[in-house]
Amino acid sequence: MNGILVAKNIHRVYQDGKRRLHVLKGVDISLNSSEILVISGPSGSGKSTLLHILGALDKPTKGEVLLDGTSVYKADDTTCSKIRNERIGFVFQFYHLLAEFNTLENVMMPGLISRQSSVVSRQLLEENAKQLLDKVGLSARISHKPSELSGGEAQRAAVARALMNRPDVVLCDEPTGNLDHKNSIAIFELIKELNSKEGTSFIIVTHEHEYAKFFGNVKHLEDGKLKAA
Ligand SMILES: Nc1ncnc2c1ncn2[C@@H]1O[C@H](COP(=O)(O)OP(=O)(O)O)[C@@H](O)[C@H]1O
Ligand SMILES: [Mg+2]
């Protein structure tokens, strides 16, 4: 299998005292660059668990994840954090913007974090962040705090932040779970546009059924395995 993100035989078992929960039972994924993959499944089917493993936020009990050929979990912790910060973007249901920073600073944040090991100037980061905010239609909101943004605006800011370090893949966990229909469609269209114009690949997990109409490439997570939709 070759692809920008490859997952091989992913298993995840949660052990809570006596209770043993085998959530993922051998998941394989091969995502090409410029591909959008939607993974649907009901609540509790293991979608977030899988996304966290793909994004190096959680370790699988068994199996491996390769990003552009590099094995994420064989890397040491520093390399693993670097991969997470520079090669993967995350978008969550509740945006996870930092309340004390404005929109521009939130979008710049992944760049500020990775800058510690490089010489990119703050000015350049600011320019990149402003360009991204322009792309997601938020140029007029750059100095607003997250509490001053609508849900749709906050999620568009989160998408811009996910793109800040030009990641190989953006992982989205129920990105429209907190939005009304109109704002959900706006996020769908934004993802499609970023994918076709910039070639960014996306994996989106969701329990909503509307995604199938929008994005052709849908798989179901069922009984711990990915099945054709
Ligand atoms: N840290 C954890 N410890 C124990 N069980 C967990 C943990 N995280 C998730 N689970 C359980 O694993 C299953 C899948 O959870 P999750 O991946 O969040 O599903 P989804 O995102 O599809 O709703 C659920 O039954 C959930 O209760
Ligand atoms: Mg979830």
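This briefing describes selected helices and individual residues of the structure above. The model is predicted. Helix α4 covers residues 122-135, and its buried residues pack against α3 and α5.

**Helix α4**

- Helix α4 has 14 residues and spans 20 Å from its first C-alpha to its last, close to the 20 Å expected at 1.5 Å a residue.
- Leu125, Ala129, Leu132 and Leu133 are the buried residues of α4. They lie on the same side of the helix because they cover an arc of only 100° around its axis.
- Gln123, Leu124, Glu127 and Asp134 are exposed, on the face of α4 turned away from its buried side.
- The partners against which the buried residues of α4 pack are α3 (103-115) and α5 (151-163).

**Helices α3 and α5**

- The axes of these two helices, α3 and α5, come within 7 Å and cross at roughly 30°. An angle under 35 degrees counts as roughly parallel, and α3 and α5 are therefore roughly parallel to each other.
- The crossing in which α3 passes α5 is right-handed.
- On the α3 side, the residues that meet α5 are Thr103, Asn106, Val107, Met109 and Pro110. Their counterparts in α5 are Ala157, Ala160 and Arg161.

**Isoleucine 83 in helix α2**

- Helix α2 (residues 77-87) contains isoleucine 83. This residue is buried, because 20 other C-beta atoms lie within 10 Å.
- Leaving aside residues up to four places away in sequence, isoleucine 83 touches Ala56, Leu67, Thr70, Val72, Ala75 and Ile88.
- Alanine 212 is 129 residues from isoleucine 83 in sequence, and the two are 30 Å apart in space, C-alpha to C-alpha.

- Most residues other than glycine have a negative phi.
- Serine 34 counts as partly exposed because it has 13 C-beta neighbours inside 10 Å.

How values were computed:
Residues numbered from 1 in each chain as written. Chains lettered and ligands numbered in written order. Predicted model: local features only at pLDDT ≥ 70, side-chain atom pairs only at ≥ 80, totals over all residues. Helix = DSSP H or I, 4+ residues; strand = E, 2+ residues; numbered from the N terminus. Expected span 1.5 Å × (residues − 1). Buried ≥ 20, exposed ≤ 12 C-beta atoms within 10 Å, placed from the backbone. Arc of directions from axis to C-beta. Contact = placed C-beta atoms within 7 Å. Axes fitted to C-alpha atoms, helices over the stretch in contact; angles between N-to-C directions. Parallel < 35°, antiparallel > 145°, perpendicular 65-115°, else oblique. Left-handed = near helix turned anticlockwise from the far one by under 90°.
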